[in-house]
Amino acid sequence: GQGRASAGGRPAGRRVFIDMASYVPARVLKLLHDSPRIVGDNQLVVPSDGDWTNLNSDFGQYVKGVAAGPIALLCFYVVWLAALTILACCCKPRNSGGQKLRIVAFFVFMLIACAGWVGSVSGSRMAVEGSISLLASVDKTVVHAGQAMGSASSLLEYLHDLGDAGISSANSCEELFSATNGTVAFPLESLNATLQGANATLHELLVQVEDMMSSITQGVDQAEPYLEQFQLGYAVLTGCMTVVVGLFSFVTLARSHIASAGGEDKVCCGGLGRCTGGFFLALGVLSLLVICCAAALFAAVTTVGADICIPSPSANILTVAGALTENERPANTSTCETAPFSYICYYQDCQGENPLSAEFNSAYGAIDEAESLVLNLAEQVNASVTEFERQTGSVPPGAAKCQSSVASLVNEVGIAFPILDSATSQIGCEMISPIWTQIVEADFCNSVVRGLALMWTTMLTGATGLMTALLIYQCISFESVREQLQGPKTSTLSVRV
């Protein structure tokens with residue numbers, strides 16, 4: 001019995017070697033992580049004293065280094081806007097020989113803008129699919145925990161039935177115990193106390209894990225609908241921007257055609273000739289402001305994400321979690337000694353003791369003690385029957401019934417071990433650690449963070465194309481169009497005269 005309990009107790013706390021060297025971060029993550037910082041360095045820093053507002057600390061220097069790039073991007077937008085304003089006010093475009101070249105350049109950069117925005121959709125899709133996969137992996141972990149708790153719940157019911165079986169067995173042995181003058185006593189009280197101890201331990205574990213599972217499931221259910229809405233919304237927004245750019249390009253082409261064709265197309269395209277393009281310019285400036293702000297935000301987020309993902313996402317996540325919960329933990333305790341981070345510490349590399357092993361080992365110990373009680377009872381019953389036969393030459397009354405009942409009780413106690421083994425196997429490190437690796441390495445780092453990085457870089461590529469196209473637009477001449485549609489004022493005066 002003792003050997004079986006020890007073997008059964010091992011899955012909750014045994015060490016399993018997991019090869020962590022297989023993690024290869026995406027190239028874009030390496031580029032972001034290795035990007036130069038004006039201040040600080042690229043090593044993830046969290047405030048040691050819990051003060052997130054102290055910009056003079058190492059954490060403050062890290063924040064400044066991450067924020068420098070996004071701030072520079074917004075400053076670039078301001079400089080571009082100033083240049084656009086100066087060109088609009090001061091540049092006097094002429095319908096000269098460089099007109100066609102300017103129009104071609106305008107269209108080329110408009111195509112670059114559209115290509116960048118369309119390409120950013122693939123980045124958003126990668127981020128969303130990675131988030132969905134991450135939530136699916138979390139849900140898979142919850143399923144394993146649920147299966148383990150299902151086995152534990154089944155064991156609770158079985159232990160209750162086992163207590164009833166003990167009472168039935170005790171009643172079956174009353175006649176034998178009376179015939180042998182009480183030389184053997186059924187340990188019913190000790191057996192019930194042991195089973196109740198195992199029952200209480202498993203019940204406490206069930207409540208703890210079920211509360212954790214409930215909060216995780218609630219978070220997954222709340223987040224999942226927004227992911228699909230984000231992907232659809234971003235695709236629609238990108239499509240609208242592409243359509244607007246296409247209309248702007250078409251109007252510009254029509255106006256330039258009127259300007260170069262003289263009066264031949266005056267009647268057909270006169271309406272487009274009166275379009276000044278002011279609406280498209282205003283919409284473009286506003287769109288670029290939104291794009292630059294979004295790109296700056298995503299740049300900061302993905303830079304921090306890249307710093308988390310390199311070199312070890314698990315270790316860095318625990319560092320951040322430790323800083324966030326520093327004031328909530330008991331004194332003189334580390335992150336890995338506090339739930340739920342103690343589970344992360346164990347399942348990320350399978351080193352140390354499983355945080356759930358204490359509860360399961362207690363249950364194993366209680367069941368092992370119950371098995372020892374009934375095995376010892378079986379030996380005493382058999383010995384008393386043998387002694388009675390030796391003294392009287394006959395079988396004591398109720399012997400067969402009692403022996404059969406005790407043997408059945410021994411078998412029933414032994415069945416509890418496979419049920420508990422099933423529960424511990426579902427939460428074993430060899431089962432959960434690959435899921436954790438999938439969550440932090442494949443889903444979070446190489447899908448979510450990578451997708452967001454590709455999203456803002458391609459988005460910014462498109463924005464740069466539109467910025468350049470709008471600057472060129474200010475140098476395209478449409479003056480001849482106005483003259484064709486309005487006519488010179490001097491001719492009108494001469495007629496009136």
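Biologist: Buried means under 20% relative accessible area, exposed over 50%, and partly exposed in between (1.4 Å probe, protein chains only). By that rule, is C309 buried or exposed?

Modeller: C309 is buried, since its relative accessible area is 0%. Before going on: this is a predicted model, where local features need pLDDT of at least 70 and side-chain atom pairs count only at pLDDT 80 or more, while totals for chains, interfaces and linings use all residues. Residues are numbered from 1 along each chain as its sequence is written, and side-chain values use heavy atoms, with hydrogens and water left out.

Biologist: Fine. What is C309 joined to?

Modeller: C309 forms a disulfide with C445, with S to S at 2.0 Å. A disulfide here is a pair of cysteine sulfur atoms within 2.5 Å. C445 is also counted as buried, because its relative accessibility is 0%.

Biologist: Left-handed or right-handed, that C309 and C445 link?

Modeller: Left-handed, because the torsion about the S-S bond of C309 and C445 is about -95°. Helices are DSSP runs of H or I with at least four residues, strands are runs of E with at least two, and both are numbered from the N terminus.

Biologist: How many disulfides by that rule?

Modeller: The count is three. One of them joins C173 to C402, with S to S at 2.0 Å. That disulfide is right-handed, because the torsion about the S-S bond of C173 and C402 is about 90°. C173 sits in the loop between α4 and α5 and C402 in helix α12, so the pair ties together parts that are 229 residues apart in sequence.

Biologist: And C173 itself, buried or exposed?

Modeller: Buried, with a relative accessible area of 0%. C402 counts as buried too, because its relative accessibility is 0%.

Biologist: What does C350 pair with?

Modeller: A disulfide joins C350 to C429, with S to S at 1.8 Å. The link is left-handed, with -90° about the S-S bond. It connects distant parts of the chain: C350 is in the loop between α10 and α11 and C429 is in helix α13, 79 residues apart. C350 is buried at 0% relative accessibility, and C429 is buried with a relative accessible area of 1%.

Biologist: Two other cysteines. What about C114, buried or exposed? And C240, buried or partly exposed?

Modeller: C114 is buried, with a relative accessible area of 15%. C240 counts as partly exposed, because its relative accessibility is 43%.

Biologist: Change of topic, the fold. How many helices and strands in the protein chain?

Modeller: There are 15 helices and zero strands. Of the 497 residues in the protein chain, 43% are buried. As for contacts (heavy atoms within 4.5 Å), residues 24 or more positions apart account for 86% of those with a separation of 6 or more.

Biologist: Which residues have the most contacts inside the largest nonpolar core?

Modeller: F177 and V381, in a core of 54 residues. A nonpolar core is a set of buried Ala, Val, Leu, Ile, Met, Phe, Trp, Tyr and Cys residues joined through side-chain atoms within 4.5 Å. The elements giving two or more residues to this core are α4, α5 (174–179), α6 (188–261), α10 (341–349), α11 (357–392), α12 (399–426) and α13 (429–473). Of these, α4 gives the most, with twelve residues.

Biologist: What does V381 touch, leaving aside neighbours within four places in sequence?

Modeller: V381 is in contact with L176, F177, V184, C402, Q403 and V406. Apart from this core lies another of 53 residues, among them L73, I103, V121 and A463.

Biologist: Now the surface. Which residues make the nonpolar patch of about 220 Å²?

Modeller: V104, V108 and I112 make that patch. Patches take residues with over 30% relative accessible area and no salt bridge, joining like charges within 9 Å and nonpolar side chains (Val, Leu, Ile, Met, Phe, Trp, Tyr) within 5 Å. A salt bridge is a side-chain nitrogen of Lys or Arg within 4 Å of a carboxyl oxygen of Asp or Glu. I112 lies in helix α4 (residues 99–172), and counts as partly exposed because its relative accessibility is 33%.

Biologist: And S214, where does that lie?

Modeller: S214 is in helix α6, and is partly exposed at 45% relative accessible area. Its C-alpha atom is 9.0 Å from that of V142, 72 residues apart along the chain.

Definitions and conventions: Accessible areas come from the Shrake-Rupley method with a 1.4 Å probe; for residues, only the protein chains shown count as cover.
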